[in-house]
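I opened the notebook to go through one structure by feature. The entries below are in the order I looked things up.

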Amino acid sequence: MKRTIQIVVSLVLAGVLAWVLFRGVRWSELYASIRKVDLFWLLLLQIPVWASFWLRILRWKYIVRAVHPATFRSMFSATQLGFLVNFIIGLRLGEFVRAIVLSRLSRVTFAKSLALATLDRVSDLIGLLVVMIVAAFAFRPTGDIVVPPGTFGIEQLPPIPATAVQTAGITAAIGLSAILVILVALYLNQGLVFGITRATVGRVSKRLSDWLCSVMEQFAEGLHVFRSASDMLKSTTYSLITWGCFVVALAGYLKAFGLDAPWYAPFVIQAFLAFGVSVPAAPGIGMLVNFSYPIVASLLVVVPNVTLADATALALVAYVCNLLPIIILGIVCLHLEGLSFFELSRESVQAEDAAPEEA
């Protein structure tokens, strides 16, 4: 009953958000925007999109091999099937599917496999932080941002003050840079970081200090799973290249739609998008909503004179261009490994329900 209520509520919310997203767009304008897309750029950007699937595994292998031997194929199948479930079923069940498949193919316990999938987020976070830092430092609008009338069905939204964006950007950049420095410090000297935290934050709130140390300790465990500093450096490098592929692909979408955007626009769009896809999606249209909103919002903010139709069309095309490879590779992996999509989905739901009890 709890699962049914969760699905129904998420579907209703996704439906409402989809209606709000499209109600300010004229379908004739949306169709015209999609028709003008440059197919050359659309095909060219597929290179970084497909390359990112391969690079993710090269990044993850340095974590997996430090704990348990696994083949490239088993890690690739586990990751792609996780993506497939996340895009089709949603609800962040893909992480459990990734762990289930790796557990089966590599004969490692499910608990350890789930930990390996979670630890992969550590090196992934480093790449994301760099993208967000670039976006925060580079995006410094000189004038107030005016959102096109009719956006999300609202006749006229108030302009966004340039000073507010600049202040938020500088604050975010400093904060993100500090997080990156802390991650490096945790790897080099965990005790020093904890000591500084307790000596500073502990003076204000011991509870907050203990919580921060607990969170940082989890990250430290993730960083120290690498067999050597060389492995961590290689994994981090692949993470940066992977996020670079995402940024290059977004630059390709801007070219495909003929949008005159500043060089930092793909970084800003990717920063918005990373937050959107991290939210648990409803089954079916959920990932479309999670994918489209941040792209549309960031385009309206960072690209001068972009129309709502062009922003929405780009978001839809980008979603389809990411969905198709995931479906194709997911079906191939299901066939190669002799697995059932519905069986994996059912097992992932059971695994998620059991997770709190095991914890």
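This is a predicted model: local features need pLDDT of at least 70, side-chain atom pairs count only at pLDDT 80 or more; totals for chains, interfaces and linings use all residues.

**Entry 1: salt bridges.** I looked up how many salt bridges there are, and the count comes to 11. I then went through some pairs one by one.

I took Lys-36 and Asp-310, whose side chains meet in a salt bridge with an N to O distance of 3.0 Å. Lys-36 sits in the loop between helix 2 (27–35) and helix 3 (39–44) and Asp-310 in helix 14, so this pair ties together parts of the chain 274 residues apart in sequence. I checked the cover on each partner. Lys-36 is partly exposed at 45% relative accessible area, whereas Asp-310 is buried at 7%.

I went on to Arg-73 and Glu-337, which form a salt bridge with their closest N and O atoms 2.9 Å apart. This pair also links distant parts of the chain: Arg-73 is in helix 5 (residues 72–88) and Glu-337 in helix 14, 264 residues apart. Arg-73 is partly exposed, with 45% relative accessible area. Glu-337 has 16% relative accessibility and counts as buried, because the cut-off for buried is under 20%.

Next I looked up Arg-98 and Asp-120, whose side chains meet in a salt bridge at 2.9 Å, N to O. Arg-98 belongs to helix 6 (residues 94–106) and Asp-120 to helix 7 (residues 110–138), so the bridge ties together parts 22 residues apart in sequence. Arg-98 is buried at 6% relative accessible area, and Asp-120 is buried at 2%. I followed the shared partners and found one network of salt bridges that joins Arg-59, Glu-95, Arg-98, Asp-120, Arg-121 and Asp-124.

**Entry 2: helix 9 and its neighbour.** Where is the kink in helix 9 centred? I found it at Arg-198, with an angle of about 30 degrees. Helix 9 (residues 190–204) has 15 residues and reaches 21 Å from first to last C-alpha, close to the 21 Å expected at 1.5 Å a residue. I listed its buried residues as Val-193, Phe-194 and Thr-197. These pack against helix 8 (162–188) and helix 10 (206–223).

From helix 10 I picked Leu-212. Leaving out residues up to four places away in sequence, Leu-212 touches Thr-197 and Val-201. Leu-212 counts as partly exposed, with 26% relative accessibility. I also took a C-alpha to C-alpha distance: Leu-212 and Gly-150 are 43 Å apart in space and 62 residues apart in sequence.

**Entry 3: helix 11 and Ser-52.** I checked the span of helix 11 (residues 229–256). At 1.5 Å a residue its 28 residues should span 40 Å, and the end C-alpha atoms are 40 Å apart, which agrees. I looked up Ser-52 in helix 4 (residues 46–64). Is Ser-52 buried or exposed? It is buried, at 4% relative accessibility. Leaving out residues up to four places away in sequence, Ser-52 touches Thr-242, Cys-245 and Phe-246.

**Entry 4: nonpolar surface patch.** I found a nonpolar patch on the surface made of Trp-50, Val-320, Leu-324, Ile-328, Val-332 and Leu-336. Together these residues have about 520 Å² of accessible area. Which helix gives the most to the patch? Helix 14 (residues 308–337) does, with five residues.

**Entry 5: positive phi.** Most residues other than glycine have a negative phi, so I looked for exceptions. Arg-107 has a phi near 55 degrees. Arg-107 is in the loop between helix 6 and helix 7 and is exposed, with a relative accessible area of 77%. Asn-305 has a phi near 60 degrees. Asn-305 lies in the loop between helix 13 (286–302) and helix 14, and counts as exposed at 79% relative accessibility.

Methods: Residues are numbered from 1 along each chain as its sequence is written. Side-chain values use heavy atoms; hydrogens and water are left out. Patches are made of residues with over 30% relative accessible area and no salt bridge: like charges are joined within 9 Å, nonpolar side chains (Val, Leu, Ile, Met, Phe, Trp, Tyr) within 5 Å. Accessible areas come from the Shrake-Rupley method with a 1.4 Å probe; for residues, only the protein chains shown count as cover. A salt bridge is a side-chain nitrogen of Lys or Arg within 4 Å of a carboxyl oxygen of Asp or Glu. Helices (H or I, at least four residues) and strands (E, at least two) are DSSP runs, numbered from the N terminus. The expected span of a helix is 1.5 Å times one less than its number of residues. The bend at a residue is the angle between axes fitted to the seven residues ending there and the seven starting there. Buried means under 20% relative accessible area, exposed over 50%, partly exposed in between (1.4 Å probe, protein chains only). Contact means heavy atoms within 4.5 Å.
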